[in-house]
Amino acid sequence: MPTPNPKTNISEKRITFHVDMDSFYASVEVRERPELKGLPVVVGSDPKGGSGRGVVSTCSYEARKYGIHSAMPISQAYRLCPGAVFLPVNMKLYAGVSAGVMELLRGFSEKFQQVSVDEAYIIPGPEVRNFEEAALYALRIKDEVQRQQGITCSVGIGPNKLISKVASGFQKPDGLTVVRPEDVRDFLFPLPVFKIPGIGEKTTETLKGMGISRVEELANCDVQLLSEKFGKMGLRMKQLANGLDFEEVIEKEGVKSISRHGTFAEDTNDPVKISGSLDILAESVHGSLLKHHFLFKTVTLIVRFEDFSTYTRSRTLSIWTSDIFVIKRTAIQLLSEFMGRRKFRLVGVGVTKLRERDERQTLITDFP
Ligand code: TTP
Ligand code: MG
């Protein structure tokens, strides 16, 4: 059972993580060319010696010290720091790293929502019971992203999506910010209003004209006044300023995968226990597949060892199926490379590449 928080009565069940890669495109470039580490690196269109007409996609934190930022004209960035390393956008490279990061983050999630190329919300499983455990969990996520993908990220933890998102940006780069329910107001109120997601330049200007520049002022503003100025958004803005956000973490593009994972009561390397757990998880995945009328083509295995190192392995089949034995057999095959002396903390199994089944195919695959 989630622990109710006595001060606010907000259940800790909705402990929400927001994970955002630091200077994403630039970090990937530095990872590929370690000699660039510590240098101002600007990713964007060609500066053409200062006459380029494009914009900055992003830049390393070293380049930010010169005042360079995303969406700035590349010519201006060049003027601010002509000695910076200017690199073109290599979207294919970043997309590959993004897919790897997202797969890794998904392995840490019970509920998962990717929101852009480099950020996602995570609701962890029941093993994270309170905010102290959440902070440790976040450190493990950060370590894994660094170890497997070679880049840093910042994590925000809060009682809802809004707070976690603001928190992840609070101590960038390589940051971890935990905001407990009882600290939400102290955290939000001193911030400038544009820190609230959705409040852009135009709204910030309008609010300024109303004498509102800090979140606290927005939180206390008369809702009638806000509604007159901003319509329906007025109430939403006031709620957000008060730290209230009821949006759920959900996969936006429909069901893309079905997975289940479980943590062992005690770390184990007993093959009977491990394969037995996989069997149970596979049955649960299968039940969900049938419920949603899906066929799958890819089976994924997730393993986490006692030191929290986490691995995923996938195998794609040549046919669409919903066969439980295919899930079990493939998961066990994928498991074999990990069996040995190291003890498992968690295993998971999932299916991806889903499509709705049509009834003829069901007859062929389910009742051979
Ligand atoms: P962000 O997460 O907004 O920025 P970032 O990861 O570069 O830096 P931060 O440490 O502040 O999170 O965006 C992710 C990527 O999206 C970014 O690396 C490049 C791309 N992007 C653009 O191409 N143009 C833009 O205007 C922005 C904001 C981002
Ligand atoms: Mg980022």
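Biologist: Which residues come nearest to ligand 1?

Modeller: The model is predicted, and in it 14 residues stand around ligand 1. By class, this shell has five nonpolar, four polar and five charged residues. Those that come nearest to the ligand are Ser-23, Thr-58, Tyr-61, Arg-64 and Asp-118.

Biologist: Which domains each give at least three residues to the shell around ligand 1?

Modeller: The protein chain is divided into domain 1 (12-22 + 92-184), domain 2 (24-90), domain 3 (189-241) and domain 4 (257-365). Among the elements, β1, α1 (24-32), β3 (56-59) and α2 (61-64) each supply at least two residues of the shell. At the level of domains, at least three residues come from each of domain 1 and domain 2.

Biologist: How far does a polar side-chain atom of Thr-58 lie from an oxygen atom of ligand 1?

Modeller: Contacts from the backbone may be listed beside this one. A backbone N or O atom of Met-21 lies 3.2 Å from an oxygen atom of ligand 1, and a polar backbone atom of Phe-24 is 2.9 Å from an oxygen atom of the ligand. For the polar side-chain atom of Thr-58, the distance to an oxygen atom of ligand 1 is 2.5 Å.

Biologist: What share of the area that ligand 1 exposes when taken alone does the protein bury?

Modeller: The size of an interface is often given as the accessible area lost when the parts come together. Taken alone, ligand 1 exposes 550 Å². Of that area, the protein buries 68%.

Biologist: Where does the largest pocket lie, in terms of domains?

Modeller: Rolling a probe the size of a water molecule over the atoms shows where empty space is left. The largest pocket holds about 1,100 Å³ of space. Because both domains give residues to its lining, the largest pocket lies between domain 1 and domain 4.

Biologist: Which element gives the most to the lining of the largest pocket?

Modeller: The lining has 40 residues, with Arg-106, Phe-112, Glu-251, Ser-257 and Ser-259 nearest the centre of the pocket. These lining residues divide into ten nonpolar, 19 polar and eleven charged. With seven residues, the element that gives the most is β9.

Biologist: Which element provides the largest share of the lining of the second largest pocket?

Modeller: The second largest pocket has a volume of about 660 Å³. Of its 16 lining residues, Arg-64, Gly-169, Lys-172, Phe-194 and Lys-195 are the closest to its centre. By class, the lining has six nonpolar, five polar and five charged residues. Both β1 (16-21) and α6 (161-168) supply at least two residues, and the largest share, three residues, comes from α6.

Biologist: Is the peptide bond from Lys-172 to Pro-173 cis or trans?

Modeller: Most residues other than glycine have a negative phi, and most peptide bonds are trans. Pro-173 is found in the loop between α6 and β8 (176-178). With omega near -5°, the peptide bond from Lys-172 to Pro-173 is cis.

Biologist: What is the value of phi at Lys-48?

Modeller: Lys-48 has its place in the loop between β2 (41-44) and β3. Although Lys-48 is not a glycine, its phi is positive, at about 45°.

Biologist: How far apart are the C-alpha centres of domain 3 and domain 4?

Modeller: Domain 3 covers residues 189-241, and domain 4 covers residues 257-365. The distance between the C-alpha centres of domain 3 and domain 4 is 47 Å.

How values were computed. Residues are numbered from 1 along each chain as its sequence is written. Chains are lettered from A and ligands numbered from 1 in the order in which they are written. This is a predicted model: local features need pLDDT of at least 70, side-chain atom pairs count only at pLDDT 80 or more; totals for chains, interfaces and linings use all residues. Side-chain values use heavy atoms; hydrogens and water are left out. On a 1 Å grid over the protein atoms alone, a cavity is a set of points where a 1.4 Å probe fits but cannot get out, and a pocket is an open set with protein on both sides within 12 Å along at least five of seven lines; lining residues have an atom within 4 Å of a point. Grid points are joined across faces, edges and corners, and a volume is the space filled by probe spheres set on the points. Helices (H or I, at least four residues) and strands (E, at least two) are DSSP runs, numbered from the N terminus. Ala, Val, Leu, Ile, Met, Phe, Trp, Tyr, Cys and Pro count as nonpolar, Asp, Glu, Lys and Arg as charged, and the others, Gly among them, as polar. Domain bounds come from an automatic or database domain assignment. A residue is near a molecule or strand if one of its heavy atoms lies within 4 Å of it. A polar contact is a pair of N or O atoms within 3.5 Å; within protein, one must be able to donate a hydrogen and the other to accept it, and residues adjacent in sequence count only if both atoms are side-chain atoms. Accessible areas come from the Shrake-Rupley method with a 1.4 Å probe; for residues, only the protein chains shown count as cover.
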